[in-house]
2 protein chains.
Amino acid sequence: MPSLTTSEIYLPDGVFAASLTPMRADLSADHHALVQHCRWLLQSGADGIALLGTTGEANSLSVQERMELIEAVFEGGIPGNRLMVGTGCCALPDTLTLTRFAVEQGAGGILLLPPFYYKPVSDEGLYRYFSSLIEQVQDSRLRIYLYHFPKLSGVPISIDLTARLAESFPGIVVGMKDSSGDWSNMQALLERLPGFKLYAGTERYLLEVLKRGGAGCISATTNATAAWAAEVYRLWKAGEEVGAAQEKLTQARQALEVGGFIPLLKQLFARWQQNEGWRYMRPPQAPLPEAAITAVEAQLEALGLALERG
Amino acid sequence: MPSLTTSEIYLPDGVFAASLTPMRADLSADHHALVQHCRWLLQSGADGIALLGTTGEANSLSVQERMELIEAVFEGGIPGNRLMVGTGCCALPDTLTLTRFAVEQGAGGILLLPPFYYKPVSDEGLYRYFSSLIEQVQDSRLRIYLYHFPKLSGVPISIDLTARLAESFPGIVVGMKDSSGDWSNMQALLERLPGFKLYAGTERYLLEVLKRGGAGCISATTNATAAWAAEVYRLWKAGEEVGAAQEKLTQARQALEVGGFIPLLKQLFARWQQNEGWRYMRPPQAPLPEAAITAVEAQLEALGLALERG
């Protein structure tokens, strides 16, 4: 695969937080609070933000709402070379509208779900979908990161399809967020496609991915663990001892793996930032029992996470 | 559950065809051909049309495209009391826009998928979604048929949730298309909710559903088998011997169960009606090998189906 030089990739390697979307009481997206949260994540050490991913409740927002949100984040001053923007819908025209818009706004990368209603679908059908999108966007600034999240999409992006897309669209299909949780899949991708910008969908595999030439991680839980994940990345780049930092990070991740990242994280932030606005979420999300939040909070505190977040 | 009188239900019991959506070479919906196909289905004996269901590639069309299609079908003279219109999207605002529009156009019923990206979600989260929709549509003509298709949506609509919705919104949540293929689920629903308008998602269970007080069937394959399914319904209503007709219908259904209903049916219709336009389908759909179509066609012909359609 002809690989891009670093200067042609707009997004940094490292740690991306899949940002939550703060909402108002009427469940509209709170753009002001979102910009603040993005800033805070970058200040906490995140190298970038994955906007409108699963954790951002993207699929609970209309296309129009997503465009307004993207615009607001750019207007709020979050730099495009820190932003990977989710644009994948079920319907190609919607994905096209959002992708064009995000690229025109200056998004350094596009996080692209496969069309996720119909299943099973053939690799050929998915190839037609992705290639048709790329041909219609027709923009030299387009950088696609495939979003492989079979548990939610129900539509896996196979290694063969990934390779076919990367080879057919060099410099455009440049990477993947692999949220399969399947380490063997990530390993196989990194072996097959050297230089491919693979981000693990969990910070648990951050160090392993980096060691094998991948780009880093993008995860829901880095909304909470950004500083610790950034520390792992910093130590690894500096060639320093990083095992203990990764172990601490993995423990924090595990404490957060109780199911329902969106309500869990929103309810945690409501407590941490003493801001009840964080509790708003769109159905089908529903709040978790407060006892569950208390238990996670206590575990994180025992690890020293809440204290550091102060 | 307080049940509606027949006059308050706008849609007939019996056989619904989940209409295909004919497309043009540019993959836009061919409204004219769709209206013709709906007419042909009704003439073939279908009691109603499920528009913009899974088979209609609804989730590959944008909200705007779906509204234009609904409008065109009404303008084409297909009566609202024969139309169950699919409006369920992932994002509540989209579902709201489409549901309002379809009700205002005169749709006799709404076929409603759950929000199908996030999973697993709690019954409480789904209840919030559906109840919020109903409260916001606020239209006395709203009649909802829940669309239970766990293999595609990944989000089952449990019997408990169905009962809760039917009891909370009597006269509004009136029925279900159960495409689970799970006969025990259909049986349990019919026992728990007498009078609930249950349509099996396959004509294979048409007679069984009718015998237990259900409404009928709605299926992809009735695009091809409408006349035979209608015959089963007619015989059953007339109290005549119906076992042989159901058996023949079941055999036709089985011949069609080769995976990929959308390409299969479009490719069959292209042959039957000698109209190459039927071959257009949106990615991620992709054509099946012609040999597979030939095999199914031969099986149907052996059963006498193609000849009757002649």
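The model is predicted, so local features need pLDDT of at least 70 and side-chain atom pairs count only at pLDDT 80 or more, while totals for chains, interfaces and linings use all residues. Residues are numbered from 1 along each chain as its sequence is written, chains are lettered from A and ligands numbered from 1 in the order in which they are written, and side-chain values use heavy atoms, with hydrogens and water left out.

Of the area that chain A buries against chain B, 29% comes from Tyr117(A), Tyr118(A) and Pro284(A), more than from any other three residues.

There are 0 salt bridges between chain A and chain B, a salt bridge being a side-chain nitrogen of Lys or Arg within 4 Å of a carboxyl oxygen of Asp or Glu. The count of residue pairs in polar contact between the chains, both at pLDDT 80 or more, is 12. A polar contact is a pair of N or O atoms within 3.5 Å; within protein, one must be able to donate a hydrogen and the other to accept it, and residues adjacent in sequence count only if both atoms are side-chain atoms.

Helices (H or I, at least four residues) and strands (E, at least two) are DSSP runs, numbered from the N terminus.

The largest nonpolar core has 95 residues, and Leu51(A), Phe130(A) and Leu300(A) touch the most other members. Such a core is a set of buried Ala, Val, Leu, Ile, Met, Phe, Trp, Tyr and Cys residues joined through side-chain atoms within 4.5 Å; buried means under 20% relative accessible area, exposed over 50%, and partly exposed in between (1.4 Å probe, protein chains only). Leaving aside residues up to four places away in sequence, Leu51(A) touches Leu34(A), Cys38(A), Leu69(A), Ile70(A), Val73(A), Leu83(A), Met84(A), Val85(A) and Gly86(A). A second, separate core of 94 residues includes Ile78(B), Leu126(B), Leu146(B) and Leu193(B).

Over all chains the count is 34 salt bridges. In one of them, the side chains of Lys197(A) and Asp13(A) meet at 3.1 Å, N to O. Lys197(A) is in strand 7 (residues 197-200) and Asp13(A) in the segment before strand 1 (14-18) of chain A, 184 residues apart. Asp13(A) is partly exposed, at 25% relative accessible area. In chain B, Asp13(B) and Lys197(B) also form a salt bridge (3.1 Å, N to O).

Another salt bridge joins Glu290(A) and Arg271(A) at 2.6 Å, N to O. Glu290(A) belongs to helix 12 (residues 290-303) and Arg271(A) to helix 11 (residues 261-272) of chain A. Glu290(A) is partly exposed at 35% relative accessibility, as is Arg271(A) with 22%.

Ser131(B) sits in helix 4 (residues 123-137) of chain B and is buried, with a relative accessible area of 8%. A polar atom of the Ser131(B) side chain lies 2.7 Å from the backbone oxygen of Tyr127(B).

Methods. Buried area is the accessible area (1.4 Å probe) that two parts lose on being put together, summed over both. Contact means heavy atoms within 4.5 Å.
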